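Let's walk through this structure together, one piece at a time. Keep the 3D view open as you read.

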Amino acid sequence: MLKSYRNRNYKYILFVLPALVYIAILSFFPAASVVFLSFKTSKDVYSLSNYYAIKGSLLKATYDTVIVSFGALLIQLFFAILIANILIKSLKGNKIFSTIFIIPYGISTVVSAFIFSLIFAAVGGFANSTLHSLGLPVIDWYKTQYSSMGVVMFADFWKNTPLVALILLGGLSSIDPAMMEAASVDGAGSFRRFIHITLPNLAPFIAIALLIRGVSEFNIFALPLVLIGYHPSLINTLVYEYFTSISSVDYSYAAATILLLIIAAFAVLVIKLGGTSNYEK
Amino acid sequence: MTYKMELINLKKSYNNVKVLKNLNLTVNDGEFLVILGPSGEGKSTLLRTIVGIESLDGGKVTVGGKDVTNKPPNKRNIAMVFQNYALYPNMTVYENIAFPLKMERIGKDKIKAKVNEVTKLLKIEDILNKNVTKLSGGQKQRVAIARALVRDPALFLLDEPLSNLDARVRYTSRQELKRLQKELNYTFIYVTHDQLEASNLADRVAVLHNGVIEQIGKYNELYEKPATKWIGDFIGTYPMNFIDGGILDYAGKTIGFRPPWTKNGNDIKAEVNLIENSEGNYYVHGNVNGNSIVIRTTEKYSIGDEISFNLTKFNIYNNGILEDVKLTEYYKNENL
Amino acid sequence: MKNNNIPSYILAIILSIIFIYPLYILILIAFEPISLTFDRLYPYQLPFDFTLANFESSIKDLSLITPVLRSIVVAFIVSILAIVLSTSAGYGLNKLSSRFSNKIIVLMFFANMLPAIVIAIPISVYFIKLGLYDNVLGIALAQELVVLPISAFIMLGGFRSLPRDLENQANIDGAGMISTFRYVIMPLIKVPLTITFLLAWMTSWDEFTYAIIISPLAPTFPVSLYDYVSRGEPFISASFALIVTIPVILIVVFLQKYLKGEYLTGGMKA
C-alpha cells in the first residue's frame, strides 16, 4: 500500500494499459505474424518463394499504388490549400461553403464509390450523359488502366479533400494576421505573401496532413475495389484477391508484407522531411 | 474542534532535486501559522504533501496526534484553498460549497443548514445560485473559503489565497481571514511570499529555505533576530546590512544591523551613493569596505557625501548563523 | 477589396458544384423512376419526375435492412468501447510526464498506420477459432483499432484542458476516485466525449476493409452495398444508400467546428 501510494505517478500507466494491450494484441502481433507467415512456403519450410511466385503482379501493383497514392495526395493537397485559403477569408456565405465542402467527409467510402461508379459508368453513366447533352463524344472511362486509376484518384480526391482542408484551415487560422499586415506594409504582393509567409507557417500542418492522409492513401481499398475491381490491382486489392482464392492465401501474406514496407518507407520519409519536430511540438 | 499538527522529518524530491530535506514543524491548535519563503522554495509542495495530493519520500504527518501519512487526501480531514481557488466550474456557488458535505453523505436539509451558516458568515448569501465562472476574484475566494469551512476540517491549508486579487480587495480579505480564524478558532497554515501578509496575519511565521524551516517565530522576532544571514537578508523591506566584524572588534565574524538601528556618530563611515525618500525619512545607501549598506536618517545628504554613524544595536553572525545580540551604549528605546 | 473576392467566389462556387454533384446524383436516382435513370443510355440529370417507389421496394427488401441494423449495432459497440478505453487512456496519459505520454501516442498512431488489410487477414484466422468470425462483435473489435488512437488523443486533449488542481480539490473535499470522476470530471469532458463517440460511430459506419474480411457472410451495410454493385444490381441499393447517408452528413456538419485544428492537433502540445 505504502509503496504503490508513493509511486503514484507510475500507477497512471495502468489507465493507459488497456488501450495499449488492445493495440498490441490486435495490431502489432497480427502484423508481425503476417511478416512471419509470408516466408512460410510449406510445412516448416521458410523461403522467399511466395515473393518470387507473384513477383510480376506485385511489382506492377506496387507501381500503380504509388502512382495513385501520390497523384491523389497531390491533387488533394492542391485543392485543400485552395479551399482553406477561401474559407479563411470572411466571405459572405462562408458558412454555406464550408458546410458544402465537408459533405463528402460524411458520405461513407463505399457509398461514394458507388455513386462514382454510376457517374463514370461506360454505359448509362451521368458523366457521359453530360458530355452527350453538350454534344461532345462520350468517353469510356475505364478504357485504359491509367484512365481507370484516374477515376479512382478523382473519387479519392472528392472524398478526402475536406479533411485535409480542415487541417490546413486550422493551420491558416493560427497564423498571426499582424504578420500578413506587416508583410503587405513592406510591399509584398499577395502571391509573395503566400510563398513567404503562408506556406512556411503552414508547413507543419501540411506535414501532419501528409502523414495522416498519405498513410491512408496507400491503404485505399474500398474505392478501387468498387470502382475498378482488379483492373488494375492496387496492392490492397491484390492482397484481397489472393486472400479470397483458396489456392493463393500464402501469396496474400507476401503482398501484405510489401504493403507494410511501403507504408513504413512513406512514414519515415514524411517524418524525415521535417515531420518529427512539428509532430513532437 | 482544533487540532495540532506535526510534521516530522519530511523528505521529498523531484527528479533528484531535494525539495524537502528532513523538514520538521509543529503547528499548535488554533494557531495562524504563515509559511514564508521566496518562490521556488517548495512552499506549495509542502502544503500538497500535508494534504496528501503529493506523496512523501519519507517522514510523518500527524494531525491531532493521529498519523495520516499514508491516508489519501479524502480521508485526512484537511481543507485546502488553492491559489486559483479550483472551484468546480460545472456547479453553482451553492453546489460548490455543498460538495464536501455531499461526499460525506449528509442529509439534504442538514447540508442546506450548514451551507447557509457559512455563506452568512462570509456574506455570500446573495450569489448562491450563480455560476462560479461568472464571479469576481473576491467572490471566488470567499466561495473557496466557504467550501473549506463548511466541512469543519481539522486543519486549514491556504496556498497564496490572496495573490490573485487586486490590492484593495486583498486588504479587506486579509482582515477578514484573520477575523474568521480567530472567531472560529481554526488552525490555519497559510503559504505566502508576501511579508506584509505574513506580518499582518501570522501568530508565528515559519521561514522555508533550502528544504527546511530555517526559523520559526513571531514576525518581529524574525525581523529583530534573524537566525541566519539569509533570513536577515530575506525579511524586511530593506535587507539587513552586513559588515565585517573587524570594524567593531569582532574580527572573523559578521555584524548585521537594520537601517533604523543607527545614530549619528563616528564608529562607521560610508560614502553615499543613493538616497531614497520615504514617508519623512531618508534611506541612504552607501558602501562600507565593499559591503553595501542602507541606513535610515532624518538628515539630508547628497550623493558623494561621507556619512558616519554609530550602531544602537546589532547582531553578530558567525559563519552565517546568529551568535549574539548586542545593545550598545547608544541604545535608547525611542530610537526604534 | 470587393474585386479581390470575385475570383474566390467563382472558385468557391465551382468547388461547391463538384462537391455537391455526387450527392445530388444520389438523391436524383433515389427519387426518380428507374425509367429516367438506370434504364436510359443517357440518364436525365434534372428531376423531371418524382417517385417513392424506389424507397418502397428497397425497404421491402429485407436483405438490406439486416446489414444496416448490423452496421448500427457494430457502430455502437465500437463507439462505446472507444469511450471506455480512450477515457481511461486519456486520463492516464494526462498524468504521465509529457515526454512519456508523447511516446505512447506516437506508438498508438504508428499502430494506426499498419494497413487494415494486413491486420485483418491474420485476425480473421484467430476470430474463426474464437467464434468471432462472421460476427458483429468480431467486426467491432477489429474496427476499434481504427478509432482508438484518435479517440485517446481527443480525450487527452479534453483532460489537458481541465482547470489545474480541480481533481485534487475534489479529493481534498472528500471525494474518492469514482465520485471525483462522476461529479467533477465527467461533466467537464462532455464535449470531447461526444466528439469521440460520434467520430468513432462514423468511422465504424464507414469502415469496409475489416468488415469484408472478418464478416463476409454477415455483412455490414458498406459490404452489402459492395455485394450489390459487384452483382450488377446497384439500383436496389441506391435509395437505401441515401437513407443511411443523411444522418452521417448531419453528424459531420455538427462536428465541423470541432474537426478543425483544435481537436486534431490540440493534444499535441506538451
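## A sheet in chain B

Chain B has an open sheet of four strands, in the order β15-β14-β13-β16, with antiparallel pairing. Here strands are DSSP runs of E with at least two residues, helices are runs of H or I with at least four, and both are numbered from the N terminus. Two strands pair if DSSP finds at least two bridges between them. At the edges of the sheet sit β15 (291-297) and β16 (306-311) of chain B, each pairing on one side only. From one strand to the next, the twist averages 50°. (Axes are lines fitted to C-alpha atoms, for helices over the stretch in contact, and angles run from 0 to 180 degrees between N-to-C directions.)

Now look at one pair in that sheet. Strand β13 (residues 262-278) of chain B joins β16(B) through seven bridges, in the antiparallel sense.

A quick word on the model and its labels: it is predicted, so local features need pLDDT of at least 70 and side-chain atom pairs count only at pLDDT 80 or more, while totals for chains, interfaces and linings use all residues. Residues are numbered from 1 along each chain as its sequence is written, and chains are lettered from A and ligands numbered from 1 in the order in which they are written.

## Where chain B meets chain C

How many residues of chain B are in contact with chain C? There are 18, and they touch 16 residues of chain C. (Contact means that the C-beta atoms, placed from the backbone, lie within 7 Å.) Both β6 (78-81) and α2 (93-103) of chain B supply at least two residues of the side that touches chain C.

That side of chain B has 14 nonpolar residues, three polar and one charged. Ala, Val, Leu, Ile, Met, Phe, Trp, Tyr, Cys and Pro count as nonpolar, Asp, Glu, Lys and Arg as charged, and the others, Gly among them, as polar.

## Helices from chains A and C

Helix α3 (residues 13-38) of chain A packs against helix α4 (residues 98-113) of chain C at an angle of about 30°, with the axes 10 Å apart. That is why α3(A) counts as roughly parallel to α4(C); the label covers angles under 35 degrees, with over 145 being roughly antiparallel, 65 to 115 roughly perpendicular and the rest oblique.

On the α3(A) side, the contact is made by A:Val16, A:Leu20, A:Ile23, A:Ser27 and A:Phe28, and α4(C) brings C:Ile104, C:Met108 and C:Ala111. By class, this contact has seven nonpolar residues, one polar and no charged ones.

Notes
Contact = placed C-beta atoms within 7 Å.
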